[in-house]
Amino acid sequence: MAEDEIETDEKESVEAEFQARILSQYIRDLSFESPSIDRAQDGPGENPNLELEVNVIALSVRENLYQSEIEFKAKATDDIGTIYHMECTYGGVFQVDSVPREALEPFMLVNCPTMLFPFLRRIIADLTREGGFPPLFLDPIDFGALYLNRMKEAEAAAGNGQLPN
C-alpha cells in the first residue's frame, strides 16, 4: 500500500510541474476573395466543390515561449469557376514550463492547435457569411491524427532519402 501511495505522489508532482498557458492569440494572415459578386447573389450553382487545406506550424520564440499556428485554406469552385478563395493563419503564443523535451513537439503540434481551433472555426464561419455565402462550419479536426500522418510521411521520406514536405 505504501508503494502505491509513493507512485501516486510522484505522478502528481510530475503533472503539477508541467504548466502551459496561452499568452496571446492572433490572426497573422486573413484573405477572402470572391472574384464575382454575382456568385454571392446567385448562390453556389450546381455541384460546388470545396477544397480544404490545413497545416500546423510550431516555432520557439525564446526560452519557454512557443508559437503555434494553424494555416487554413479553402477554395470553393463550380462548373463556371471560383466561387470564393480564403486563407487564414491563426496562432497563439504559449508559455510552456517543465515539459519533457520529447513531449514538446506533440504538445505544440497537437494540443495547442486543438485549443486554437474553435476560434479559427468561428472566424471562418463569420468570414464566409460576411462574404455573402452560407457560413462554412468546419468539422472538428483530429490534430493527433494529422501529427501521426506527418511523422509517418517523414519516416517514409527518410527511408527513401527524400526530405519531408
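Predicted model: local features only at pLDDT ≥ 70, side-chain atom pairs only at ≥ 80, totals over all residues.
**Overall fold**

The protein has 165 residues, and 30% of them count as buried. Its secondary structure consists of four helices and four strands. Along the sequence these elements follow the pattern α-β-α-β-β-β-α-α. Of the contacts between residues at least 6 apart in sequence, 70% join residues at least 24 apart. The accessible surface comes to about 10800 Å², and carbon and sulfur atoms account for 50% of that surface.

The C-alpha atoms of Gln19 and Val96 are 5.8 Å apart, although 77 residues separate the two along the chain. Leaving aside residues up to four places away in sequence, Gln19 touches Gln95, Val96 and Asp97. Gln19 counts as partly exposed because its relative accessibility is 46%, between the limits of 20% and 50%.

In soluble globular proteins, nonpolar side chains tend to be buried together. Here the largest nonpolar core holds 30 residues, and the members that touch the most others are Phe72, Met108, Leu120 and Ile124. Strand S3 (65-77), strand S4 (82-97), helix H3 (101-130) and helix H4 (143-160) each contribute at least two residues to this core. H3 gives the largest share, with 12 residues. The contacts of Ile124, not counting residues up to four places away in sequence, are with Phe72, Met86, Cys88, Leu136 and Leu138.

**Helix H3**

H3 has 30 residues, so at 1.5 Å a residue it should span 44 Å; its end C-alpha atoms are 43 Å apart, which agrees. The helix has a kink of about 45 degrees, centred on Phe107. After H3 comes Gly132, which has a positive phi, near 95 degrees.

**Salt bridges**

Side chains of opposite charge can pair when their charged atoms come close. A search of the whole structure finds four salt bridges.

Glu69 counts as buried because its relative accessibility is 6%, and the limit for buried is under 20%.

Arg122 and Asp126 both belong to helix H3 and are four residues apart, about one turn of the helix. An α-helix has 3.6 residues a turn, so residues three or four places apart point the same way. At 55% relative accessibility Arg122 is exposed, while Asp126, at 22%, is partly exposed.

Glu130 is exposed, with a relative accessibility of 62%, and Arg129 is partly exposed at 43%. Salt bridges with shared partners join Arg122, Asp126, Arg129 and Glu130 into one network.

Technical notes
Residues numbered from 1 in each chain as written. Heavy atoms only, no water. Core = buried A, V, L, I, M, F, W, Y, C linked by side-chain atoms within 4.5 Å. Buried < 20%, exposed > 50% of the residue type's maximum accessible area, 1.4 Å probe, protein only. Contact = heavy atoms within 4.5 Å. Expected span 1.5 Å × (residues − 1). Bend = angle between axes of the 7 residues up to and from the residue. Salt bridge = Lys/Arg side-chain N within 4 Å of Asp/Glu carboxyl O. Areas by Shrake-Rupley, 256 points an atom, 1.4 Å probe, with all protein chains shown as cover.
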